[in-house]
Structure formats: structure tokens, C-alpha cells
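Please read the points below with the coordinates open.

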Amino acid sequence: MKSFNSYIGRPMERVEDLRMVRGRGTYVADVNRPNQLYAVILRSSVAHGIIRSIDSSEALALPGVHRVLTAKDFGTKVPVIPLRLQPLPQLESFHQPVLADKKVRYVGEPVAVVIADSAAIAEDALERIALDIEPLPAIASRSQAEAKRAVLFEEHGSNVAITWSAFRGNADEAFKMADYVRRETFKVQRHAAMFMEPRGFVAEWDEVAGKLTVWGAAKTAWHNRRTLAAQLGLALETVDLIEVDVGGGFGSRGEFYPEDYLIPAAARIVGRPVKWTEDRREHIMSANHARDIECDVEFAVSRDGRFIGLRGQIWADIGAYIRTNGSVGPRNVAQFMSGPYCIEHIDLKSSMLTTNKTPCGTYRGPGRYETDFIRERMIDLVAQDLKIDRVELRRRNLVADAQMPYPLASITPYDSSTELDSGDYHAVFDRCLREFGWDERSKLRGQLIDGYYHGLAIGSFIEGGAAGPKEEARLVLETDGALSVYIGSSSVGQGLETIMAQIAADAMEMSYDKITIRHGSTSYVKDGYGAYHSRSTVMGGSAILLAAEKLKDLIRKTAAARLGCTAEQIVIDGEQAGFGGEHLAFAGLSDEPLEVEAEFFNKKYTWAYGTQAAHVAVDPGTGHVKVVDFISVEDVGRMINPLTLHGQAIGSIVQGLGGAFLEHLVYDDEGQLLTGSFADYLMPTASDFPNIRSITVELKPCPNNPLGAKGAGEGGLIPVGGVMANAVADALSHLNVQPMELPLSPPRIWQLVERAEAARSAT
Amino acid sequence: MKPPIFEYASPSTVAEAVALLASRDGSAKVISGGQSLMPMLAFRLAAPELLVDLKHLKNLDAISIGEDGVRLGAKVRWCDIESDARLAVSHPLLAEAIRHVAHYQIRNRGTVGGSLAHADPSAEMPGVAMTCEARMTIVGSAGSRIEAAADFFTGPLQTSLQPDEILTEVHLPPWPAARRWAFLEFARRKGDFAMAGVALHYDLDGTGRIVDAHVGVIGVADRPIRLAAVETMLNANRLDDKLIAAASAKARESVDPPSDIHAPGAYRAALVATLLARGLKKSAA
């Protein structure tokens, strides 16, 4: 009797954890090479200015200092960082040089690299570099950008880099016909992924072999390798980027930053290994920021509460340069604003504004977090105006199962279209209401209990995943019967090794323990795309499935040759290949390892979806919000590992709560970053949000990949800002408090209460 | 995030420590728990030539409780106060306030003397010292002196300590068993610096009227302050809702907090009013 595996769907403990909890993880700070030197980077303390001179002589005089590298050390033209996503030619003038040459455009921009015997000596040397920058007026807000008191890129002549357009149907006509139109403005604050372990690199140049090795890659190692090889004029094969353990990524880690070039280039120049470890202050001013948008938006609605049209303008403050994925957030805000709801007519513009701040990039749920805040707030405002229950209003407008696949707005330039692939949005919505106990809890709405007003909210979301174009897997059945799985996906702490082993074990009908997942070097497979857009499980997992089919064919062929039958006659079962009464174990099946490669191509995104409900209590005296209960229900198509998925969902929700209540990168009018440490930039801590529940369902498998899985690494976070703002508005409904801006900090809520009370007493 | 180069000494007597401080003409700095100084060094906001570590000094880590009140050695850590059950009776206001200091790990190292000498305007210990009219024992080259809290705190992160002086002890006056009190603060997250905090205590006379009201606030000025106008309003009156409302309003107008990235000044002023009202209610419960 044939045995079947069922690792997929089981809550397998993470194979990575034992290493981590025993302190045996290897982070880039743990990597050391013989004869290694240390790099520290001099960063601009001026937001906008012209570099007049850099005098390094005093720094070089300090014992232990080897070099101070400035732009002139990196060739006649300083390399720039190309775009990885949406690489439009009209954006080329906004690419960041790896080292500021003539101008600095944000506080934190690299200006020079000190190479010394220790990081401490290098930091001492920093203070001895005489950097003369002639300040220019800084652009630190939308109004300053629009007023053009300065222009970041003179040749462009404007601080508007590009405007994206999301369109569907005929919005203007729809607004003419609409029974009701509501217009509002919203703001989401600048915040960032702020992963736990800051970045770092160790780079080593082997002059004799002509080979460069760089430890510290993550997320998109193959892309970064191509970029780095091209910048250094090296053949691709001579550059190896190596992933080590990382403390989180969340979209920010692993993109190509200036240091991705500077540290390897420095190692090549000094001819010794060079190590750079970012500190938190540096990280806050140098790694990608995110989410900084303003929006003026209109909803057109029919009398019976059907959404008809959506139009408006978004302004995304993208900082000083457009880095690798800088367009993704601003573009997503426009394209995905309709979310899981039917809106036939859409006209949304999203303008990217250059400002003298740290450049922006993706952060978990890029654009989606922002746009869901706007949309879910608008829905509650519409419900209030039209006196339709907000639960009913949502139910009336969710995309129905029968409408699938359902197209979203198209986007231009860098044209793309996508459609929601599958889902029973209403079923998940109703499940969330039930699990939350919506009807029972509704009795508490607006009640003042022990000094806190209670409020509820609900919101639905979609989560795109599985960005193409492809992912690679190479499977090697070793002669001892073990299976090595080489993949182009990257681990940024999401449990990749566990998940991939589950998928491979089921596909090969092998024991989980016999499988080793190998990732983390650009030499393992020919090409790889990495870990972003919730893509690893779907893309890497599907590539493993395809490769497993090939490997089984090869096993059948190999066994058939030994057993004297045809490959078709071979039955694979229990790590054996058999024909008739004879069975050949995988171990010893062949004298040579059996090796296959496969690629999975995919152009269609997966669309996980879900609904969240929250119960909050608001202290009007302090502005403090307690999250009394929070529940998220999401359909991921097919769940590979409930344990890791649950962890992803909870962690993601907490990040969303951080954005809703705490995290804010504050700049002054001169472009100085005022939140330069974790004393001022407030991360959620373990005790802040103890009551979070997450439920995952498998109602509608994805029709577009062999696993049936949908990317699910980001979802939990997406609607949190909107749900929280709606819950606060609900709690304070007696005052008609309407938050239109995040974060919902205590002073902001207190101010809203004060104004509402003043308005009430005035009437 | 690497501190600049500094010399290091760990003397074994106060006299040696004072001599070391005096030898550097203001460029030496005392270190004890290091919970404020180490981050300042790492950020290079401070660059002393010499760190004088108090770790080998004896007799500075005792909590002594007697009829004349509570004496805390400068090296008493927050966790020492937390685990001293006598203080629940001998000085409940102190015990409650210290529960709000930072996080577990920090409370295991941070010291009473360090916090007072650092003089962060939103820190709990300076607030308690100010409210309770603590007296500091200070030893320097010229000998030892006693300074009242009201004279000790002179500005933001500034005290009357001279470069060659060490704070060795803080004395809190006796605490009558029937004393009414409250300590309340509000922070964005547990363990953060307070956006504002209120410490208060008063006694009741035979007719149930308030006598000797002390109301101190943190986080709203360049140092911990007392609200004399509120105290005057409370004294000789019975605590009721009307008095609480009036005192709360008076507190709001008595402070003029600066605005910063975390909150506008008006918010902190309103927060003081809210916390005072809640504190007074709590004290009567």
C-alpha cells in the first residue's frame, strides 16, 4: 500500500529556531575575516547643500586610520543605484549616487568612508574630517516641495518626480451621476520597517583569484550581485553574495543601498577584508523610510449604498532619491485603494515628491497600509452620512465570489493590470464578525467604563503576493538518499527552511528529516529573485514542486535501467523506486548524485484576503488607546505551516499597531531628523498589545500555482491603521471625533477631543 | 556608537574619588549604574577625559529607615527599593514612583544618586525628591554639605553639584502612617519617560481638612517643580469633587510646558490637570 506524506498543513516547528535560541545564529556582525579592517561612514548632517570641500588630513593623521575614501576615489563618475522595480528611464535623474559628490540631499547621506583598525578609531576619525557644506534651503514637506523654495534636481526643474495614474471605467461620469459624494483629506506619517538587527557587510577581495565575496546580502541577492558586478566592472561569476542570518527584513533589508557598493569597493581598494556594522542611529537615517503620504480623495456612492466611483490625488513624500523600489508604495496607494470592494470607476493620481529626507522604499504592505487607512475611514464616514450600518455597507460592496476574477484599476506608466484571483470575501467577513462577537460587543459602543470610552471597528483587505517573473530550484538526491534543495528564495527570518522542507518532503514523498534546504549564496542556483511581495512560499515552493516532478522522472529512469523495465513502470514509494517485487532505495540508487533544476514562471499575483475587527477603549483625559481585542481572519488559499503563518500574522499586526499609534519619523522644517534613537522613535514592545487573535482559513485555493497557496507574509498589517482610526472614532462618536491622520498618538487624540468639546460647547 | 576614548578609575573611597574629580578640572565624570551616561557616551554627547566609577565605594548602597525618615545611599538601585518591603509603609510614595522607572534590566543597574545627579526633568526620583523636600548629602574637596532638593535642581540636566563633588546620600523626611498620597504618570509605553507625572501627599487634621499639601510634577518644566498655588488651594480645605476640579484647573494654569516632538505644551499641561484630579481622587480612596 502506498504511503502519503502530509507535512504541508502541519504546524511543524521551525528548524531555524533551535540554532537561534541557542545563540548559534550567525549574523553579519559574527562574520570576521583574517586581517580585517573596519569601515565607518561619514554622513551629511546638512539636509540640502553643496559640498565645497572635504579635508581628511587630520583624520588620516590618527594612528590606526588607513584610508578616507571620498567620491573621487570611486572613479570619474560615482556609480548610481539603479531601480530594481519600475525602472522607468524618466526616473534616472533621481537615482542615488553611492556617495554624495557635489550635493548632499538628506541628513544621513554618505559622504566619505573611513577605513581603520577598529570601528572606534574610525569613529574618532570621523570627528576630524573637515566637511564644508554650503547649505541650500531644505524641502521638508509637501507645501515646501510645491512652493519650490528649492529644487532637489535642478535639471528636472520640479520636486514632482513622477505622477502615477490608476484608472478604471469613467470616474468623472460616475461622479456626475452619483447620488452622494464625500470628499476628505488624509495623512499617514513617515515611519519605517526598523528591523531588529541593523545592516552590515563584510567584503573580501581575493586579488589572486580575482574574486569578491560579500557577506550580509538578503532579500534580493541575485539582483544586487548583478548591480554590484556591473558597478565594479567585474564578471558576474567572480562576485558571490552570501546571506547570513538576519534579524528581520520587512521589505527594507536587502535592497541595494549605498553601503552595498561602498564596502565591497573599499575592500577592493585597500586590499584587505572590510567590515561595516550599522548602528541604530545610522540605520534610522539611512535605511529606507516609508508611508509618508497625503491624500485628497472622493467617494461616489449610490443612494442604496453602492460604491460607484473613486477619485483623488495622492502626494507621496519619497525623500531625496528614488531608490531600488521607491515607486512601489506610491503606486500601490493608487492601484489598490479599492481593496476588496467593487468600485467600477476609478481615477487616482499619485505624485512622488522629492524632499530632503531619507529616501523611501517598501515596508511590509507598501502602499496598502496607507490606502487601507484612507479607504476604511472613508467607508465609515460614508456609512455615517448615509445612515447605513457600516457592517452592512461593507457587505453590500465586497466583491462577490461569482465576480472572480475581478480586475483592479490599471496603473500607468510602467503599465500593469492585475485581477483578484479568487475568494469568498463575504464568508470571511461573516466569520470575523462571529469570532469577534460583534453583535454582543456592540452594546459597549460609546459606553464610558472606568474612564474609558469603548468602540468597535471592522475592515477588510486584500494582500497581493507572488511577484514574478520566476524562481529557481535545484534538487539533488545525494547518493546516501538525502535530498538537498537549492533555492533562489531568501530567508529574512520568515521560516523559509521549514516551509520549503515541508513542500519538498511532500513532493518527493520523503521524510522531512532527510531534506536540507540550501539558500543564501548566489552560487547555489543560476538565478534567483528573492524574498519580497510575499512571494517565497508560492514562487520558491512551486519551483520545488516542478523540480520534484523532474527528479522523480530521473529516479524512475535510473531505477528502470537497473531493474530492466520502463521508467513508466517504476513506482516511487517510501523513498524507494520499485518494479514488480524489487525495490531500490533512494540511498545507493545511483553512484552519482541525481540532480535536476526547474523554474517556476508566474505573471499572476496571488490575492489573499481577510477581515479584521477591533475593540478599543479610549481615555479622553490622556488620549491613550487600549486595544481590548483584535481579531484577524485571513484566507491564504492553502496553508503550508499554521505555526509560522500565525507568527507572521501576529507580528504583522503588531507592526501595524506600531504604525497606528507609536512610530513616527519626525523632521523639522530644515530637514533635520528629530527622532534619531529608540528613545524618540517608539517601537511597539511586548507589553503594549497583548490581545491579538489571528485565524487562518483555506476557503479558496489560488488557481494560478500548483500549490494553491497565496502569499501571506504581510496581510495582518494592511488594514490596521484604518481599523484603529475607525474604532477610536466609534468610541468617541458622542463627540463626532474623526481622525484623518496617523499616528493616533495620545496628544493627537486629546486634541481631537478638545476641539470636539469646544465645537460642541460653541453650538 | 562607540564611546570616545576615556580614562577609567575605580577608587575605593569617597575621598579618593573626590580627589580624582578635582584633579581634572571639570573633565571627569562620575559613573555608577551608567544607565544615562553610557548612551550619552555612545552618542558622543558627552566626552569626559576620565570616568570615576563608584563601584568599589563602600557604604553607599544602604537603605536605612529610622524615626528621622528614609536615607538612601547614592548607589541604591531601583531594584533594591522595589524589593525592600519596609518602604511600603515607610515611604509608599517612593515605592510607587520607582515602579514606573524604565524597564526591569535598567532597574537592576540604575541608581538613586545617578538619577538625581543626571536630573532629567521627567524622571521619577528627582520628582519624589522635590515633592518630599529631600535633602542631599554632597561630598567635595571642601568637605561635605547638605542641600535641599529645591536648591539642588538648577535646570535641564543641571544641578548644584560642582565638578569635584559626589552625591552620597538622599534623605527623605519621616512619613506619618496616616499620610494621604498618590503618584501617577503617563507615558506612551510602559517604562518610557513620563509625558507628565504628579506626586502628591498631604495630612488631614482632626476635622478632616488638608494640611501640609505637597504637589510636585515632572515632565512639564526644565526641572521637577512644586505647584505652590495648588498646595495653597488644597490646604485647610476638605477634599471633595469641587476642590479637585478647582485644583486640577489651577494645576493646568500653573504650568507652562515647552512643546517638543512628542507633544505640544498644552497637552502636557492638560495631562497634569488630569493626573492631579485622578491622583487626588485616588489619595482619598
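The numbered points below treat aromatic contacts, helices, backbone geometry and interfaces in turn.

1. The model is predicted, and side-chain atom pairs count only at pLDDT 80 or more. The count of aromatic pairs over all chains comes to 17. One of them joins A:Tyr106 and A:Tyr321 in an edge-to-face arrangement, with 6.1 Å centre to centre and 75° between the planes. A:Tyr106 lies in the loop between β4 (103-104) and β5 (110-116) of chain A, and A:Tyr321 in the loop between β14 (307-319) and α9 (328-335) of chain A, so this pair ties together parts that are 215 residues apart in sequence. Both A:Tyr106 and A:Tyr321 are buried. These two tyrosines also belong to one aromatic cluster with A:Phe94 and A:Phe153.

2. A further pair is formed by A:Phe201 and A:Trp276, whose ring centres are 6.2 Å apart. Their planes meet at 20°, and planes under 30 degrees apart count as stacked, so this pair is stacked. The pair links distant parts of the chain, 75 residues apart: A:Phe201 is in strand β9 (residues 200-206) of chain A and A:Trp276 in strand β12 (residues 274-277) of chain A. A:Phe201 is buried, at a relative accessible area of 6%, and A:Trp276 is buried at 1%.

3. A:Arg199 lies over the face of A:Tyr257, 4.2 Å from the ring centre. A:Arg535 lies over the face of A:Tyr532, and here the distance from the ring centre is 5.1 Å.

4. Helix α17 (residues 720-731) of chain A has 12 residues, which should span 16 Å at 1.5 Å a residue; its end C-alpha atoms are 16 Å apart, in agreement. Of its 12 residues, 12 are buried, so α17(A) is largely enclosed by the rest of the structure. The buried residues include A:Asn726 and A:Asp730.

5. Helix α15 (residues 536-563) of chain A comprises 28 residues and reaches 39 Å from its first C-alpha to its last, close to the 40 Å expected. Just after α15(A), A:Gly564 takes a positive phi of about 70°.

6. At 45% relative accessibility, A:Asn736 counts as partly exposed.

7. Another cis peptide bond runs from A:Thr412 to A:Pro413, with omega near 0°. A:Pro413 lies in the loop between β17 (410-412) and β18 (419-420) of chain A. In chain B, B:Ala102 has a positive phi of about 45° although it is not a glycine. B:Ala102 lies in the loop between α5 (92-98) and α6 (104-107) of chain B and counts as buried at 17% relative accessibility.

8. The domain assignment of chain B gives domain 1 (7-53), domain 2 (63-172) and domain 3 (180-284). The C-alpha centres of domain 2 and domain 3 of chain B are separated by 21 Å. Between these two domains about 2,000 Å² is buried, with carbon and sulfur atoms giving 63%.

9. Between the chains, 24 residues of chain B are in contact with 33 residues of chain A. Chain B and chain A bury about 2,300 Å² between them, 58% of it on carbon and sulfur atoms. B:Met1, B:Arg188 and B:Arg189 supply 30% of the area that chain B buries against chain A, more than any other three residues.

Key:
Residues numbered from 1 in each chain as written. Chains lettered and ligands numbered in written order. Heavy atoms only, no water. Phe/Tyr/Trp six-rings, centres within 6.5 Å; stacked < 30°, edge-to-face > 60°. Helix = DSSP H or I, 4+ residues; strand = E, 2+ residues; numbered from the N terminus. Buried < 20%, exposed > 50% of the residue type's maximum accessible area, 1.4 Å probe, protein only. Lys NZ or Arg CZ within 6 Å of the ring centre and 35° of its normal. Expected span 1.5 Å × (residues − 1). Domains from an automatic or database assignment. Buried area = accessible area lost by both parts, 1.4 Å probe. Contact = heavy atoms within 4.5 Å.
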